[in-house]
Amino acid sequence: MGKFYLTTPIYYASGKPHIGHSFTAVFTDVVARRQKSKGKDVFFSAGLDEHGSKIEEKAKKENKDPQKFTDEIAQSYLSAWKSLGIEYSDFIRTTSEKHKNGVLKFVKKLWDAGDIYEGEYEGLYCVGCENFVLERNLVDGLCPDHLVAPQKIKEKNYFFNLKKYLPEIKKKIEKGELKIIPDSRKNETLAMMESGVSDFSVTREGLKWGIPFPCGNSPAGEQTIYVWADALINYATILGYPDGENFKKYWPPDLHIIGAEINKFHSIYWPAMLMSAGLPLPKEIFIHGLLTVNGQKMSKTIGNIIDPIELAEKFGADAVRYLLLSQFPASEHGDVKAEEFARKYNSDLANGIGNLLERSFTMMIDYRGGILDAKNGLDEKIKSSAEKTEKSYENNFENYKLYEALADVFAFIKKLDVYINREQPWALNKNKDEKLDVVLNTLLFGIEKIIVWLEPFMPSKIGEVKNHILKLQSGKLKKGEKLGLFPRI
Ligand code: MSP
């Protein structure tokens with residue numbers, strides 16, 4: 001038993017979710033469901049990052065009040081997560097009173113620890129990144145991620161004394177007390193620390209859309225809490241930091257799941273803030289690669305944004321969950337092609353698992369009325385192949401290799417197909433050969449394994465399969481009644 005607290009990043013409420021945001025949400029949901037199936041008391045947090053210059057500017061462009069603007073975006077996230085079957089425990093918005101109050105208390109802790117000092121920032125700021133950037137990281141004067149020239153700013157900021165905590169964080173990462181997965185990202189984090197990380201701002205001057213910074217001698221309203229400090233604290237406020245019941249029960253996070261571009265904030269800034277506030281650190285941070293569509297970053301101008309709701313309408317929630325996670329290993333970046341979805345849907349889902357289940361159940365009902373005789377046992381080769389698959393699947397899952405875990409299951413599905421073709425149950429039936437019982441039992445055994453393995457990925461489809469099996473085994477299934485799991489598209 002025990003608890004398991006896992007999180008998605010809170011996405012910027014600057015636009016509707018695309019399949020990149022959906023990738024992390026689905027990934028986290030699959031891990032959450034697997035933890036629940038192991039009997040863990042799971043808290044799965046999701047939410048939106050609604051403050052900062054980026055959103056202020058976007059709302060202004062649309063002539064909307066920023067709160068109204070983010071209210072609309074929040075609705076689009078809620079519907080997207082609903083249509084993908086994302087079963088979060090709570091959804092935090094950084095404009096909520098609950099969050100704002102928690103942030104103020106948290107920042108006060110940093111202040112009381114003596115870790116916040118007044119300074120001046122002079123340099124470049126990229127609104128797209130919501131981050132200070134260095135001249136040497138620009139390409140032709142533009143931010144390489146947003147292709148926009150950063151703003152030159154000179155402002156009073158309150159800084160957080162990150163340097164004080166770096167040696168301790170480094171030790172924790174090296175020892176695996178703060179486990180960064182995969183190793184390549186752990187090494188990247190250590191390299192960043194090696195090359196020097198400077199103290200970061202916890203406030204900004206002249207930004208209105210955010211939480212006013214109340215500490216020190218600065219009159220309220222002159223400084224606003226920097227959007228990243230505000231955002232990171234969501235992982236605590238969602239649980240009711242500092243004294244909420246959920247906070248007492250679930251803190252610290254067992255797992256943060258994030259994309260590669262926000263590694264520094266989560267693996268360096270956040271642990272330092274927690275140490276300063278006197279809180280235990282997260283146990284694991286899993287960092288996945290980013291996806292591009294047709295070789296390019298998704299953007300309105302390029303017109304290659306894929307909308308998760310449209311995908312779910314076309315393929316169904318569970319198919320989209322599978323299609324997102326089966327494109328490339330999450331430890332790396334990967335490219336996705338919109339046309340590939342339909343092909344992969346037909347080959348893996350309609351013809352793969354859909355067809356295996358349909359033909360197996362049809363034979364069970366046609367040849368045995370759904371009631372199987374177990375006395376002749378199982379095919380040994382399939383049994384041992386299932387054991388091997390299970391081992392590999394579990395090992396992959398432990399390491400958050402969901403693409404690899406799915407590949408294990410789908411390779412096993414192929415094995416069962418080959419098994420059917422080799423054993424030819426239709427011929428065994430015709431010849432009244434007793435081996436038919438072994439084949440049908442073996443198929444049911446294999447299918448029951450597949451069900452357990454796939455349930456976190458395709459919860460509602462697997463629910464349908466389970467009902468179908470119950471009906472089959474209780475003799476209530478009529479001949480010719482189809483499962484129709486993934487109709488061909
Ligand atoms: N608001 C910050 C996060 C604060 S968390 C305390 C932010 N928001 S974001 O809207 O830009 O979302 C970033 C996250 O969305 C990535 O880290 C990743 O989880 C997901 N993705 C957004 N685009 C993505 C891809 N193209 N590919 C995969 N995931 C991506 O940063």
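The lining of the second largest pocket divides into eight nonpolar, three polar and five charged residues. Here Ala, Val, Leu, Ile, Met, Phe, Trp, Tyr, Cys and Pro count as nonpolar, Asp, Glu, Lys and Arg as charged, and the others, Gly among them, as polar. The model is predicted: local features need pLDDT of at least 70, side-chain atom pairs count only at pLDDT 80 or more, and totals for chains, interfaces and linings use all residues. Residues are numbered from 1 along each chain as its sequence is written, and side-chain values use heavy atoms, with hydrogens and water left out.

**Second largest pocket**

- The volume of this pocket is about 210 Å³. A pocket is an open set of points on a 1 Å grid over the protein atoms alone, with protein on both sides within 12 Å along at least five of seven lines. Grid points are joined across faces, edges and corners, and a volume is the space filled by probe spheres set on the points.
- The pocket has 16 lining residues, and I180, I181, P182, D183 and N399 are the closest to its centre. A lining residue has an atom within 4 Å of a point.
- At least two lining residues come from each of β8 (179-181), α6 (183-195) and α15 (402-423).
- β8 gives the largest share, three residues.

**Cis peptide bonds and a positive phi**

- The bond from I181 to P182 is cis, with omega near -5°. P182 sits in the loop between β8 and α6.
- A cis bond also runs from Y241 to P242, with omega near 5°. P242 belongs to the loop between α8 and α9 (245-250).
- L147 is not glycine, yet its phi is positive, near 50°. The loop between β6 (131-133) and β7 (151-160) holds L147.

**Ligand**

- Around the ligand there are 22 residues, of which I10, T24, D49, G259 and L291 come nearest. A residue is near a molecule if one of its heavy atoms lies within 4 Å of it.
- By class, this shell has eleven nonpolar, nine polar and two charged residues.
- A backbone N or O atom of Y12 is 3.0 Å from a ligand oxygen atom.
- For G20, a backbone N or O atom lies 3.2 Å from a ligand nitrogen atom.
- A polar backbone atom of G259 is 3.0 Å from an oxygen atom of the ligand.
- The ligand taken alone exposes 660 Å², and the protein buries 91% of that. Accessible areas come from the Shrake-Rupley method with a 1.4 Å probe.
- β2 (11-12), α1 (19-37), α7 (227-232) and α8 (234-237) each give two or more residues to the shell.

**Cavity**

- The count is one cavity of 30 Å³ or more. A cavity is a set of grid points where a 1.4 Å probe fits but cannot get out.
- The largest cavity has a volume of about 40 Å³.
- Its lining is made up of E358, F361, T362, I365, L477, G480, E481 and K482.
- That lining has three nonpolar, two polar and three charged residues.

**Whole chain**

- The chain has 18 helices and 15 strands. Helices (H or I, at least four residues) and strands (E, at least two) are DSSP runs, numbered from the N terminus.
- The C-alpha atoms fill a box of roughly 90 × 45 × 40 Å along the principal axes.
- For 489 residues, a compact globule would have a radius of gyration near 23 Å; the chain has 26 Å, which agrees. The radius is taken over C-alpha atoms, and the globule rule is 2.2 Å times the number of residues to the power 0.38.

Methods:
A polar contact is a pair of N or O atoms within 3.5 Å; within protein, one must be able to donate a hydrogen and the other to accept it, and residues adjacent in sequence count only if both atoms are side-chain atoms.
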